[in-house]
Structures are given as structure tokens and as C-alpha cells.
Amino acid sequence: LLSNPAHKIYKEDTLRELKTPAGKILLLETIAVHRGSFQLPFLVAACWECGNDFSDVLPFFVTLAIDEDLPVALEALSVVEEITVVTDINAIALSVISLEKAIPEASTEKQFILNDILKHLNNLIAPPADIVPNEIP
């Protein structure tokens, strides 16, 4: 339904609803129920498309990227890249440890995605020297 251009109005309405706190919870619960499903990449994509803040569940998306197939990992990368501030440094640290364990065992294609997530998380902890903290995207 949402991938068909003819249904653009429905997509916009749906994404607007998913941006609410209740929509965010519904989306996360739906993803948890549909793990391993062909629908999972579309559900994860809806997370970054709706523009909601998923920084409080960062490890959830890192786990999806590690455990699920390539299309889901790619969508999880997009969600993680939208996260610009994480207040829970422990969540980042645990995610980094999980990624460092998973990368050597992942397929070559998935290693690229997981490495991109790892790089983004490391930049959240310690931005590159050429970026002034107030200018972090």
C-alpha cells in the first residue's frame, strides 16, 4: 500500500500518525512481532521515514542490523544514521561491543553496513576533530 505512488496521501497520513508517541510504540511492537518476515524491511524503513526519534531504542536497531538480512540491516542503518544525539552512553557502548563481535562473522556485504553503523556510533561518542560540537548534524 505505502510503496505505491498512487497511495501517496495514505503514506503521508500514516507517517504522520507513526510520528506520535503512540505510533512509535505501535511501530516498535509491530517490528518485534514481524522479525524474519518479508514485511520487516518496510516496517524498519517507516521508522526513518516518519522522522521519529529512536535514540532511546538504539540497541534495538543495532540488533536488527546484526541479526536480520541485508535489506533490514540497510534500513536499520538509515534509522541509526538519523540519530544525532544519544544521552545514554552505555547504550552506545553496548551497541559498539555487539557490532565489534558481529562484524567478523558477517557476510562481506553486511560488514559494510555494520561498519557504517559502528563509525556513526563512534562519531556520536567522539566527533571527528574537524567538527565543532555545536555543528554536529
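Modeller: To "meet" here is to be in contact, that is, to have heavy atoms within 4.5 Å. By class, this contact of H4 with H5 has nine nonpolar, no polar and no charged residues. Ala, Val, Leu, Ile, Met, Phe, Trp, Tyr, Cys and Pro count as nonpolar, Asp, Glu, Lys and Arg as charged, and the others, Gly among them, as polar.

Modeller: Please keep in mind that this is a predicted model, in which local features need pLDDT of at least 70, side-chain atom pairs count only at pLDDT 80 or more, and totals for chains, interfaces and linings use all residues. Residues are numbered from 1 along each chain as its sequence is written, and side-chain values use heavy atoms, with hydrogens and water left out.

Colleague: What makes H4 and H5 roughly antiparallel to each other?

Modeller: They pack at an angle of about 155 degrees, with their axes 8 Å apart. Angles under 35 degrees count as roughly parallel, over 145 as roughly antiparallel, 65 to 115 as roughly perpendicular and the rest as oblique. H4 and H5 are therefore roughly antiparallel.

Colleague: And why is H2 called roughly parallel to H4?

Modeller: H2 and H4 pack at about 30 degrees, with their axes 12 Å apart. That angle makes H2 roughly parallel to H4. In this contact, Leu28, Ile31 and Ala32 of H2 meet Phe60, Phe61 and Leu64 of H4.

Colleague: How do you know that the buried residues of H4 line one face of the helix?

Modeller: In H4 (residues 58-67), the buried residues are Leu58, Phe61, Val62, Leu64 and Ala65. Buried means under 20% relative accessible area, exposed over 50%, partly exposed in between (1.4 Å probe, protein chains only). Seen down the axis of H4, these buried residues fall within an arc of 155 degrees, so they line one face. The arc is that of the directions from the helix axis to the C-beta atoms.

Colleague: Why does asparagine 52 count as buried?

Modeller: Asparagine 52 has 17% relative accessibility, so it counts as buried. Its place is in the loop between H3 and H4. Leaving aside residues up to four places away in sequence, asparagine 52 touches Leu18, Lys19, Thr20, Lys24 and Cys47.

Colleague: How many helices and strands does the protein chain have?

Modeller: Seven helices and zero strands. Helices (H or I, at least four residues) and strands (E, at least two) are DSSP runs, numbered from the N terminus.

Notes:
Axes are lines fitted to C-alpha atoms, for helices over the stretch in contact, and angles run from 0 to 180 degrees between N-to-C directions.
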